[in-house]
Amino acid sequence: MLRLAILVGLALLGQCSENQRIIGGTEARPNAWPWQVSLQGLSSYWYHTCGGTLVHPRWVLTAGHCVDRPGLTFRVALGDHNIYETEGPEQYIYVDKVVINKKWSGDLSVGHDIAMVHLAEEAILNQNVQLGLLPPKGEVLPNDYLCVATGWGYTYNGGVVSPTLQQTPIKIVDYRTCSRPDYWGYYVKDIMVCAGGDGFVSGCQGDSGGPLNCERGGRYYVHGVTSFIYAGGCRFYLKPTVWTRVSAEVDWINEIITKG
């Protein structure tokens, strides 16, 4: 059960009745993105519902719409590659607290689709499980900057969850362009990050909450939390995938970590 809620032409990239993954990508090398986690919900079994980023041994960053489900039990799978198999490096840890940004209203066009989940025990950091790096506060990447989107979501519209983690290079679409009427118009805000929109690569359902990884100085920084795509299709031309901009939320993230 993965969700891809629809709101006036916008679609969330989390839980819905089908499974989801990166479109136009390729299978990642196992544990190439060691901060990427699978956020899983409990029904009669554990199922992938969203992605996430380990930003502290006890905290995972994800999307607000991924965890805005009172009563649902969550766990995270760290060090995972094939979410249908146990391959050895995985750590499965229960979530004991969910903190959703108070500015998240459920309205995608308002933004702040971001949350932190607290782990019941500390993640063990090793070559397969590492912390994602946060960008400097306020940093905005230029148009056409090349990043990498990762996730277990659809690889085609109406598809099924990818067993293995997928990745795809994807170019930033700056706010000035993304807010044009022929792109997203007023639906996007400057606290969001757009990337893609070429009709070939995009995030898709099930990728919600996962990271937009952007390299600078030889290190990758998590610049986005996957939020929504166009309801008409994941790789719709001139409708880039939209992420919550992490550099606009750094103070909030650090406050939550400090408070514990």
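Trainee: Which cysteine does the disulfide join to Cys 50?

Mentor: Cys 50 is joined to Cys 66, with an S to S distance of 2.1 Å; a disulfide here is a pair of cysteine sulfur atoms within 2.5 Å. Please bear in mind that this is a predicted model, in which local features need pLDDT of at least 70, side-chain atom pairs count only at pLDDT 80 or more, and totals for chains, interfaces and linings use all residues. Residues are numbered from 1 along each chain as its sequence is written, and side-chain values use heavy atoms, with hydrogens and water left out.

Trainee: And where do Cys 50 and Cys 66 lie?

Mentor: The pair links distant parts of the chain, 16 residues apart: Cys 50 is in strand 5 and Cys 66 in helix 1 (residues 64–67). Helices (H or I, at least four residues) and strands (E, at least two) are DSSP runs, numbered from the N terminus. The link of Cys 50 and Cys 66 is left-handed, with -90 degrees about the S-S bond.

Trainee: Are Cys 50 and Cys 66 buried or exposed?

Mentor: Cys 50 and Cys 66 are both buried. Buried means under 20% relative accessible area, exposed over 50%, and partly exposed in between, with a 1.4 Å probe and protein chains only.

Trainee: How many disulfides are found in the whole structure?

Mentor: The search finds 4. With the bonded cysteines numbered in sequence order, the pairing is 1-2, 3-7, 4-5, 6-8. One of the disulfides is formed by Cys 147 and Cys 214, and this link is right-handed, with 105 degrees about the S-S bond. Cys 147 lies in strand 10 (residues 146–151) and Cys 214 in strand 13 (residues 211–216), so the pair ties together parts that are 67 residues apart in sequence.

Trainee: What about Cys 178, which residue is its partner?

Mentor: Cys 178 forms a disulfide with Cys 194, and the link is left-handed, at -85 degrees about the S-S bond. Cys 178 belongs to helix 2 (residues 175–178) and Cys 194 to strand 12 (residues 192–195), so the pair ties together parts 16 residues apart in sequence.

Trainee: Why does Cys 178 count as buried?

Mentor: Cys 178 counts as buried because its relative accessibility is 0%. Cys 194 also counts as buried, because its value is 5%.

Trainee: Changing topic, in what order do the strands of the closed barrel run?

Mentor: The barrel has 6 strands, running 4-5-6-9-8-7 with antiparallel pairing; two strands pair if DSSP finds at least two bridges between them. Neighbouring strands of this sheet are turned by 45 degrees against each other on average, direction ignored. Strand 6 (residues 59–62) and strand 9 (residues 115–119) pair over 4 bridges, and Thr 62 stands opposite Ala 115.

Trainee: What is the phi of Leu 238?

Mentor: The phi of Leu 238 is near 65 degrees, a positive value in a residue other than glycine. Leu 238 lies in the loop between strand 14 (219–230) and strand 15 (241–245).

Note on methods: Axes fitted to C-alpha atoms, helices over the stretch in contact; angles between N-to-C directions.
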